[in-house]
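Work through the exercises below with the sequence and the 3D structure at hand. Each task is followed by its solution.

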Amino acid sequence: MVTMTEKLSAGRRKIGGGVQLRRDPGAPAKTGAPASAWRPPRWMRPLLRVPLAAKLVGANALVVAAAGWALVAQGTTEGPGPILLLALIVGVVVNYGLVRLALQPLHELEAAAERVWRGDLDARVAPSPIADAEMARVGRTVNQLLDGLAGDRARMRELAAAVIEAADAERARLARELHDSTAQTLAALTLQLSAAARDSRDPELAERLALLREIAGSAIDEVRALAHSVHPRVLDDLGLVAALEWLARQVRERSPLDVRVSADAEAARAASEADRHVSAALYRVAQESLRNVERHARAQSARLSLTAAGGVLRLEVEDDGAGFDVAEAESRRPGMGLFSMRERIGLVDGAFQVESAPGEGTRVVASVPAGATIPH
C-alpha cells in the first residue's frame, strides 16, 4: 500500500524540481534506521499495522471483556456492576466516534495526496473546522509545499517553452538558408556544368561534366530534403494537413512502409485555425512516431488520422508492427522519444497516450485544444 509520504514524494518527482531538503553539512549522514531502534517481532507486526481507531476500540473492548469476566467471576449480576459494564460499553462507542472525528483531517490530507499522485497538481488540503492546531499546521505546510512545486513547474514550463521556441526559430532559419541559399548555389552550379558540358568539344570531358551535373543535382535534392526535415515550410505555408500528407509521402518514397493520412473537413478547418505551436507539436509527434515505426516496428503499414471535436484536435498514429512494452521503454530511455513527445504536447496543455504491446502494434494518440499556445 502506497503511503501518503510516498505519494507526495512521487508527486514532487512528477512535477519536476521543487523545494530541496537540505541537510547540515556538518551533521552525520543518515543511513537508515538508528541501530537502537526497536524492531517488533514478526507476529506482532500485523497487529501494529491495524488503524489507530481499531487499536483503541480493541483495547477498550479488552477492558470491557475483563470487567465482564470479573463481574461473572464474583457472581455480581445485580447492583452497580451491570451499570458499570454498560458505562464501559458506552465509553468504547464514544471513544471510537471521537477518534474517527479526530482522524478525519488526516483522511482529507490523504485524499489530497491521492489526487496529487494521480496528476491533479491543483489539489490542496481544505481547511477543516475539526482539525486541531497541529493537524491544521500540517495541512498548511503541505499546501505551501504544493504551491512551491506548482510555481517551480510553471517556471520550468516557461523555460522549456522558451527553449522550444528558440529551437523552432533556429530550425526555420536553417531551413531557409539551406533552401534559399545552399540549394540555389547548387542549382547555379548545375546550370554552369550543363552549359560547360554542352559547349565542350572533348567527349571525355563532356561526360565527366555531365556526371558532375548529376552529382550536383543529387546534392540539391538532399539539401532540400534536409531543409524540409529540419523545418517543413509546407507546415507554415499550407497547414498541418498538407504537412502530414507531405511527411507520409516522404516516408513512402524512402521506405517500404505504406503510410496513409486521413483528415475530415472539420479537422482541416480546425487545423487551419489552430495556433502554430499546436500544429508544430502535432507534426513533431507524427514525425517522431513514424521515425520510430521505420526504425523499430518492422511494420508494413501506418495510418495518420486527424480529427476534431469540441475544439480539440486529435492525432492518431497507428501501425501494424511488432509493438513494445511501453513502461519498459520509458524507463529504459528517459528523456528520449516518448518522453520528449509527451513533454511537447504537455506544453500546449494537451494529452499524450501510447498504447502498445509486443506483437500487437502501436497506437499513439495526441489531443490538443485548438486554441492552446505555449506559455510565455
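**Exercise 1.** In which helix does Ser-289 lie? Then decide whether Ser-289 counts as buried or exposed, and list its contacts beyond its neighbours within four places in sequence.

*Solution.* The model is a predicted one.
Step 1: Ser-289 belongs to helix α10, which covers residues 276–297.
Step 2: The relative accessibility of Ser-289 is 5%. Buried means under 20%, so Ser-289 counts as buried.
Step 3: With the neighbours within four places in sequence set aside, Ser-289 touches Val-317, Met-341 and Val-364.

**Exercise 2.** Find the strand order of the open sheet of five strands, and explain why one side of β1 and of β4 is left without a neighbour in the sheet.

*Solution.*
Step 1: The order is β1-β2-β3-β5-β4, and the pairing is mixed.
Step 2: β1 (258–263) and β4 (351–356) are at the edges; each has a single partner strand, so one side of each has no neighbour in the sheet.
Step 3: On average, neighbouring strands of this sheet are turned by 10 degrees against each other, direction ignored.

**Exercise 3.** How many bridges join β3 to β5, and which residue of β5 is the bridge partner of Glu-316?

*Solution.*
Step 1: β3 spans residues 312–319 and β5 spans residues 362–369; the two run antiparallel and are joined by eight bridges.
Step 2: Glu-316 has Val-365 in β5 as its bridge partner.

**Exercise 4.** Which strands does helix α8 lie across, and which does helix α12 lie across?

*Solution.*
Step 1: Helix α8 (residues 240–254) lies across β1, β2 (301–309) and β3, at about 170 degrees to β1.
Step 2: Helix α12 (residues 338–347) lies across β4 and β5, at about 150 degrees to β4.

Terms used. Residues numbered from 1 in each chain as written. Predicted model: local features only at pLDDT ≥ 70, side-chain atom pairs only at ≥ 80, totals over all residues. Heavy atoms only, no water. Pairing = 2+ DSSP bridges. Helix = DSSP H or I, 4+ residues; strand = E, 2+ residues; numbered from the N terminus. Axes fitted to C-alpha atoms, helices over the stretch in contact; angles between N-to-C directions. Contact = heavy atoms within 4.5 Å. Buried < 20%, exposed > 50% of the residue type's maximum accessible area, 1.4 Å probe, protein only.
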